[in-house]
Amino acid sequence: MAKAAKIQEAGAEDAIRAYKTILSQVIDQRPSGMRQRLADALGKHRSFVTQISSPAYSIPIPSKHLPSIFTVCHFSPAERDQFLVAYHQAHPGKLPAASGPRKTRHVSLIVPDFGDDKQNAALDRAINEFIQKITSIAGKGSSG
């Protein structure tokens, strides 16, 4: 029984590696700075993006992040379909939070430069978290 569980776990890791390889290839084909833009859109550190996009890490990509990943990384329909096939193989029955492309728009802000990377990063995270909270509230209000 333990042997079957190990085989199943290894199969799941291979499936995760498959969709992460697709994501990594998509990111590598895009202009430089894509990982940072993705981190900003997800409200996460760049190291998180490295972990979810590198096939070397077995950490799965949370399905709630898929719409943002597809939008920010500008997946083509073919790339998106290929990724979703691999994602569903790795996580059967776990559908992305919103499987359709999510319409977004870009907003630029001018904020002070604190002259300290940690303070600047903290401000960026606070702004991203605020935007995520506001849009989640707006999303709940529009569904009824």
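The structure is a predicted model. Phe 83 is also at 0% relative accessible area, and is buried. The two rings have centres 6.0 Å apart and planes at 20°, so the pair is stacked. The cut-off for stacking is planes under 30 degrees apart. Phe 83 and Tyr 87 are four residues apart in helix 5, about one helical turn.

## The aromatic cluster

Phe 83 has another ring partner, Phe 70. The count of aromatic pairs comes to six. In the pair of Phe 70 and Phe 83, the ring centres are 5.6 Å apart and the planes stand at 85°, so the geometry is edge-to-face. Phe 70 belongs to helix 4 (residues 66-72) and Phe 83 to helix 5 (residues 77-90), so this pair ties together parts 13 residues apart in sequence.

Phe 70 has 8% relative accessibility, so this residue counts as buried. Which residues form one aromatic cluster? They are Tyr 19, Phe 70, Phe 75, Phe 83 and Tyr 87.

## Helix 5

Helix 5 has 14 residues, and at 1.5 Å a residue it should span 20 Å. Its end C-alpha atoms are 20 Å apart, which agrees.

The buried residues of helix 5 are Glu 79, Arg 80, Phe 83, Leu 84, Ala 86, Tyr 87 and Ala 90. Down the helix axis they fall within an arc of 165°, so they line one face of helix 5. What does the face turned away from the buried side carry? Exposed residues sit there: Pro 77, Ala 78 and Gln 89.

## Helix 3

Helix 3 covers residues 46-53, and its buried residues are Phe 48, Val 49, Ile 52 and Ser 53. Viewed down the axis of helix 3, these fall within an arc of 120°, so they line one face.

Phe 48 also meets a charge. The charged end of Lys 44 sits over the Phe 48 ring, 5.3 Å from the ring centre.

## Asn 120 in helix 6

Asn 120 is placed in helix 6. Is Asn 120 buried or exposed? At 18% relative accessibility, Asn 120 counts as buried. The cut-off for buried is under 20% relative accessible area.

Neighbours within four places in sequence aside, Asn 120 is in contact with Pro 112, Asp 113, Phe 114 and Gly 115.

## The chain as a whole

How many helices and strands are there in the protein chain? There are six helices and zero strands. From the N terminus on, the elements run α-α-α-α-α-α.

The protein chain has 144 residues, and 29% of them count as buried. Among contacts with a separation of 6 or more, 61% join residues 24 or more positions apart.

## Confidence

The mean pLDDT of the protein chain is 82. Of its residues, 80% reach 70 or more. Where is confidence lowest and where is it highest? Helix 6 (residues 117-142) is lowest, at a mean of 77. Helix 3 is highest, at 93.

Conventions: Residues are numbered from 1 along each chain as its sequence is written. This is a predicted model: local features need pLDDT of at least 70, side-chain atom pairs count only at pLDDT 80 or more; totals for chains, interfaces and linings use all residues. Side-chain values use heavy atoms; hydrogens and water are left out. Buried means under 20% relative accessible area, exposed over 50%, partly exposed in between (1.4 Å probe, protein chains only). Helices (H or I, at least four residues) and strands (E, at least two) are DSSP runs, numbered from the N terminus. The arc is that of the directions from the helix axis to the C-beta atoms. pLDDT is the predictor's confidence in each residue, from 0 to 100. Rings of Phe, Tyr and Trp (its six-membered ring) pair if their centres lie within 6.5 Å; planes under 30 degrees apart count as stacked, over 60 as edge-to-face and the rest as tilted. A charge sits over a ring if NZ of Lys or CZ of Arg is within 6 Å of the ring centre and within 35 degrees of the ring normal. The expected span of a helix is 1.5 Å times one less than its number of residues. Contact means heavy atoms within 4.5 Å.
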